[in-house]
Amino acid sequence: MLEIGLTHTSELTVTEAVTALSLGSGDMPVLATPAMMALMENAAMMAVADELPEGTTTVGGHIESSHLRPTKVGEKVRATAEVIKVDGKKIYFKVAAFAGDVLLGEGTHLRFVVDREKFLSKIL
């Protein structure tokens, strides 16, 4: 059952593949903002995955986050998502990313519950 308070934490180790330089979002070898936000999205997806009806999943609709500090290659990063509101097929999350105890970024994320087959049938 989808409910307020569901949480999940996803983790990654920063590699060259997820740096701003590699992803093209910047020109330095530090964790790219899009990679940090993808980790936040993954945490949100996983927070509710076991509570969804069979044949459904969630897709991202909106994400907004700060990115406060750089993170070097080799560092471990974790992102946590917590359900803060459920409104029909809309699920709202509070998200945050950390390296150790240091806050890297925080914000909000909206996901929609969708039927997998119907969603995929709309691909252009």
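Which residue in strand 5 stands opposite phenylalanine 98? Select phenylalanine 98 and leucine 103: leucine 103 is the residue opposite.

The model is predicted, so local features need pLDDT of at least 70 and side-chain atom pairs count only at pLDDT 80 or more, while totals for chains, interfaces and linings use all residues. Residues are numbered from 1 along each chain as its sequence is written, and side-chain values use heavy atoms, without hydrogens and water.

Next, select residues 90-99 and 102-115, which are strand 4 and strand 5; ten bridges join these antiparallel strands. Strands (E, at least two residues) and helices (H or I, at least four) are DSSP runs numbered from the N terminus, and two strands pair if DSSP finds at least two bridges between them.

Now show the whole open sheet: five strands with antiparallel pairing, in the order 1-3-4-5-2. Its edge strands are strand 1 (7-13) and strand 2 (56-65), each pairing on one side only.

Select helix 2 (residues 33-49), which packs on the sheet and touches strand 1, strand 2, strand 3 (76-87), strand 4 and strand 5. Contact means heavy atoms within 4.5 Å. Methionine 40 has contacts beyond its neighbours within four places in sequence, including Ile63, Ala79, Val95 and Gly105.

Finally, select lysine 85 and tyrosine 92. The charged end of lysine 85 sits over the ring of tyrosine 92, 5.2 Å from its centre; the rule requires NZ of Lys or CZ of Arg within 6 Å of the ring centre and within 35 degrees of the ring normal.

Methods: Axes are lines fitted to C-alpha atoms, for helices over the stretch in contact, and angles run from 0 to 180 degrees between N-to-C directions.
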